[in-house]
Amino acid sequence: MMNSFHYCSSCLSTSLRPNGWFEKDGICLPCNSIDKDIGINYNSRVNFLKKYITQIKENCLETFPNNKKYDCIVGVSGGKDSTRQALWVREKLGMRPLLVCITYPPRQSTELGKRNLENLISLGFDIVTYTPAPETSRKLTLEGFKRFGNVSKATEMALHSEVPKVAINENIKLIFWGGNPATQTGDTATMGENLFDGSNLRNLNTLTDGGVRWIEKLNLPKSKFLTYLYPEYDWLKTNGIHTLYLGPAWDNWSMYDNSLFSVLYGLEINQKLPQTTGDYFRTSMLDEEFTNINMMIKYFKYGFGRATDIVNSMIRTKLIKRDRAIKIVDELDGVCSDEIIENFCDYVGINTGTFWNIVNGFVNNDIFKIKSGTRPKPMFKVGFGLI
């Protein structure tokens, strides 16, 4: 492990990213993808996407009559990415999307998130919202934290799993998501037959890590955890469900551009400073706050957190240079306020001492030093590696 921790020579991705890889030139897959995209005619990509959609429609004509109210689904949270996706599908592709949102239980949801969903409705969209059973969600939040160091494990499973079920129930054959995880963040297990093909979304690390056995071990009634089970491949295939990514059609798909675009269309940003959440743009994860803990734990596991993901996007789109990005990551990666941690502990029913004992069990001891009573300290220099 000690010798395997290194950085992409272009951005600040580390070699520890799950499902990630580096090319022979020492550059990560997303950076190489960006370099290869230079000179790409994005109008051609949009045309390819439109033809791809037309082909899907022709293969299941009965589900696309002109008088059908919805001809696709866009999974949304009300945040920067989903706001832009919904508008683009409607205005650019000329489709009639039904927006589907898997919301957090009331104690976890923020008023800001609710207002941003209302903003989408005010833009002329219909939204279906599903909320997992609150007590089951709370139990799974704690269990996911203890087993995986992931406070959002269950909610991420519900988000990705429930949308295709709605598609099947509503007989809607097309699902749109945003960026392709393989080229955007390096989760190569999700790579499909082409840049738009999301049929391997089921392989997303957050869905596959640990499977569902950890939920079954809680001995919950099956009706209580069906929301968290991703549909079987054969079930989706039999029902003709197609999942497509939109990001590859945009030459300016990035956290910065999506944030700017969505704010112009009414998105409210987080009023808390980046030094509280680690969110440089203040436009991420607006519908709840506990995911900030996830970003901190990710940093302790792999040597990178939210700030790294943000500046990597900025580096690849030439908005920032690597030297400046290093300073931002030094200041913000792994940041999560004590207030957020205390609110989480109150929600799941543990004290902060127990919280840090659990967190320390997931800290990568090869790159962080653990000292009782303090947060883990990095043994690496951002952008360079171990020191």
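The model is predicted, so local features need pLDDT of at least 70 and side-chain atom pairs count only at pLDDT 80 or more, while totals for chains, interfaces and linings use all residues. Residues are numbered from 1 along each chain as its sequence is written, and side-chain values use heavy atoms, with hydrogens and water left out.

**View 1. Cys 31 is in no disulfide.** A disulfide here is a pair of cysteine sulfur atoms within 2.5 Å, and a search of the whole structure finds zero of them. For Cys 31, the nearest cysteine sulfur belongs to Cys 11, 3.6 Å away. Cys 31 is buried at 2% relative accessible area, and Cys 72 is buried too, at 0%. (Buried means under 20% relative accessible area, exposed over 50%, and partly exposed in between, with a 1.4 Å probe and protein chains only.)

**View 2. Arg 138 forms a salt bridge with Glu 135.** A salt bridge needs a side-chain nitrogen of Lys or Arg within 4 Å of a carboxyl oxygen of Asp or Glu; the count comes to 16. In this one, the closest N and O atoms are 2.8 Å apart. Helices (H or I, at least four residues) and strands (E, at least two) are DSSP runs, numbered from the N terminus. Glu 135 is partly exposed, at 41%.

**View 3. Lys 80 and Asp 81 form a salt bridge.** Their closest N and O atoms lie 3.9 Å apart. Lys 80 is buried at 9%, whereas Asp 81 is partly exposed at 25%.

**View 4. The rings of Tyr 299 and Phe 368 make an aromatic pair.** Rings of Phe, Tyr and Trp (its six-membered ring) pair if their centres lie within 6.5 Å; planes under 30 degrees apart are stacked, over 60 edge-to-face, and the rest tilted. The structure holds 21 such pairs. With centres 5.0 Å apart and planes at 75°, this pair is edge-to-face. Tyr 299 lies in helix H14 and Phe 368 in strand E6 (residues 368-369), 69 residues apart.

**View 5. Arg 84 sits over the ring of Trp 250.** A charge sits over a ring if NZ of Lys or CZ of Arg is within 6 Å of the ring centre and within 35 degrees of the ring normal. The charged end of Arg 84 is 4.4 Å from the ring centre of Trp 250. Arg 90 lies over the face of Phe 125, at 4.1 Å from the ring centre.
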